[in-house]
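Here are a few notes to go with the model you asked about. Have a look at it first, then read on.

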Amino acid sequence: MTRVRNKTPANIQITAEQILREACDLQDAAEINPLKSEITDAAELADHRLRKRKEFEDQIKRTQWNVTVWTKYAQWEESQRDFDRARSLWERALGVEHRNHTLWLKYSEFEMNNKFINHARNAWKWNRAVTIFPRVNLLLHKYLHMEEVIGNISGARNIFERWMTWSPDHQAWLSYVKFELRYNEIERARQIFENFVHCHPKVTAWIHYAKFEIKNGKIARARNVYERAVEKLGEDMERTREVYR
């Protein structure tokens, strides 16, 4: 057997912990600084896009129901400025998962972010999504925000009216009131409150209505609202006391 001739310790000692730490540092550096390939001409770009699309299509074949894959694919096409392909992918994804409201939301955001307003608002985008998910408030708020931003106030009002026919929660009614108040439509807001307390004859609804009248300096109207609330809720003494607070 070979014998170690010099058994004296080395001047610089290296521990196992140091070796492992250096190995980890080298591994992290390799992950942080991956090799980059530069695309220099149109042919290379076309080849790169072809390979990338094939990768995405292969993923979709394996996991067709995975919404994340569809989303990444469509967003990649958007980054390539190929909006027709991106739109086609969103439609294909909805053909697989049309009940996924997040997919509808991202599709519509794609149209809005790229200023395709007509695509976003027409019947095969927002109206389809809102019809399928009439009670998903986030979709409706996005729809309303888009119409209001582009100045289509009457269109936004029609959407609110349609929304109110589904007897939504308190927040939806208050959002409608705030919308009308932004345009100083006091009488419209008052009528919305009337419909609100008819739809939700609850203490909080009446209080919101009365505070609205007080804020607008209509003390007599506020008193009338409270009196109607007491009459409506008079059978429940606890609610009546809460109204007067």
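1. Where does H200 lie? H200 sits in the loop between α11 and α12. Helices here are DSSP runs (H or I, at least four residues; strands are E, at least two), numbered from the N terminus.

2. Before going further, some ground rules. This is a predicted model, where local features need pLDDT of at least 70, side-chain atom pairs count only at pLDDT 80 or more, and totals for chains, interfaces and linings use all residues. Residues are numbered from 1 along each chain as its sequence is written, and side-chain values use heavy atoms, with hydrogens and water left out.

3. On confidence: pLDDT is the predictor's confidence in each residue, from 0 to 100. The protein chain has a mean of 80, with 77% of its residues at 70 or more. Helix α11 (residues 186–199) has the highest confidence, at 95, and helix α14 (residues 237–244) the lowest, at a mean of 51.

4. With a relative accessible area of 16%, H200 is buried (under 20%; exposed is over 50%, partly exposed in between, using a 1.4 Å probe and protein chains only). Setting aside neighbours within four places in sequence, H200 is in contact (heavy atoms within 4.5 Å) with S167, P168, D169, H170, W173 and A205.

5. The overall make-up is quick to tell: the protein chain has 14 helices and zero strands. Buried residues make up 32% of its 245 residues.

6. Now a helix pair. Helix α12 (residues 203–215) and helix α13 (residues 219–232) pack at about 165°, their axes 8 Å apart (axes are lines fitted to C-alpha atoms over the stretch in contact, and angles run from 0 to 180 degrees between N-to-C directions). That makes α12 roughly antiparallel to α13 (over 145 degrees; under 35 is roughly parallel, 65 to 115 roughly perpendicular, the rest oblique). The α12 side of the contact includes W206 and Y209, and the α13 side includes V225 and Y226.

7. Another pair to look at is helix α2 (residues 42–62) with helix α3 (residues 67–79): their axes come within 10 Å and cross at roughly 160°. So α2 and α3 are also roughly antiparallel to each other. Among the residues making the contact are F56 and I60 of α2 and W70 and W76 of α3.
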